[in-house]
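Here are my notes on this model. Please read them with the structure open.

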Amino acid sequence: MILASLIALAAVVLAFGALKWQSVPLTALVFVLAGLAYGSLPPILSGSISGAYGHTHFAMNFSLANTLMHLPASFSATAGGALLLKTGSYSALLLFLLACACVMLVFCLRTREM
């Protein structure tokens, strides 16, 4: 989970660079890193839920956690579009994503401590 968080943070930082330098190859790398970070969440979630709660009610726990993961993801595109329209720049959206990635890293580190 920590690796996925760090990859998400790297994607956002590189996105700032791609925006500043208007680099298409760097933008492609950002898309790859963001895809790796987001795509790794369901398998990580599956293993984490199985390890924490066991196999007895795995189907219910996994479906609930998967739903709670995908609901905010569906609304983040709307929030991103609203930020883009309000500010006229992608910088606010990237700051929003940076904040989300930092929160994700903090949660992963706190979960690891427990």
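1. Alanine 15 counts as buried, because its relative accessibility is 11% and the cut-off for buried is under 20%. The residue lies in helix α1, which covers residues 2-21. Alanine 15 and glycine 47 are 32 residues apart in sequence. In space, their C-alpha atoms are 30 Å apart.

2. A word on the whole chain. The model is predicted. The chain has 5 helices and 0 strands, so the pattern along the sequence reads α-α-α-α-α. Its C-alpha atoms fill a box of roughly 50 × 25 × 25 Å along the principal axes. Of the 114 residues, 23% are buried.

3. Look next at the loop between α1 and α2, where glutamine 22 is found. Glutamine 22 has a positive phi of about 50 degrees, although it is not a glycine. Is glutamine 22 buried or exposed? Glutamine 22 counts as exposed, because its relative accessibility is 71%.

4. Helix α2 has 16 residues. From first C-alpha to last, α2 reaches 22 Å, close to the 22 Å expected at 1.5 Å a residue. Which residues of α2 are buried? They are Leu26, Val30, Leu33 and Ala37. Seen down the axis, the buried residues of α2 fall within an arc of 70 degrees, so they line one face of the helix. An α-helix has 3.6 residues a turn, so residues three or four places apart point the same way. On the other side of α2, the exposed residues are Val24, Pro25 and Phe31.

5. There is also a nonpolar surface patch to note. Leu29, Val32 and Leu36 make this patch, with an area of about 260 Å². Leucine 36 is found in helix α2, residues 24-39. Leucine 36 counts as partly exposed, because its relative accessible area is 48%. That value still qualifies for a patch, because patch residues need over 30%.

6. Helix α3 covers residues 41-53 and has 13 residues. Its first and last C-alpha atoms are 17 Å apart, close to the 18 Å expected at 1.5 Å a residue. The buried residues of α3 are Leu45, Ile49 and Ser50. They are on the same side of α3, because they cover an arc of only 125 degrees around the axis. What does the face turned away from the buried side of α3 carry? That face carries the exposed residues Pro43, Gly51 and Ala52.

7. Now the aromatics. How many aromatic pairs does the structure hold? It holds 1 aromatic pair. The ring centres of phenylalanine 58 and phenylalanine 62 are 5.6 Å apart and the planes are at 15 degrees, so the pair is stacked. The cut-off for stacked is under 30 degrees between planes.

8. The placement of these two residues is worth a check. Phenylalanine 58 and phenylalanine 62 are in helix α4, residues 58-87. They are separated by about one helical turn, because they are 4 residues apart. Phenylalanine 58 is partly exposed, with a relative accessible area of 23%. Phenylalanine 62 also counts as partly exposed, at 22% relative accessibility. Neither residue counts as buried, because buried means under 20%.

Definitions and conventions. Residues numbered from 1 in each chain as written. Predicted model: local features only at pLDDT ≥ 70, side-chain atom pairs only at ≥ 80, totals over all residues. Heavy atoms only, no water. Patch = residues over 30% accessible without salt bridge, like charges linked within 9 Å, V, L, I, M, F, W, Y side chains within 5 Å. Areas by Shrake-Rupley, 256 points an atom, 1.4 Å probe, with all protein chains shown as cover. Salt bridge = Lys/Arg side-chain N within 4 Å of Asp/Glu carboxyl O. Helix = DSSP H or I, 4+ residues; strand = E, 2+ residues; numbered from the N terminus. Buried < 20%, exposed > 50% of the residue type's maximum accessible area, 1.4 Å probe, protein only. Phe/Tyr/Trp six-rings, centres within 6.5 Å; stacked < 30°, edge-to-face > 60°. Expected span 1.5 Å × (residues − 1). Arc of directions from axis to C-beta.
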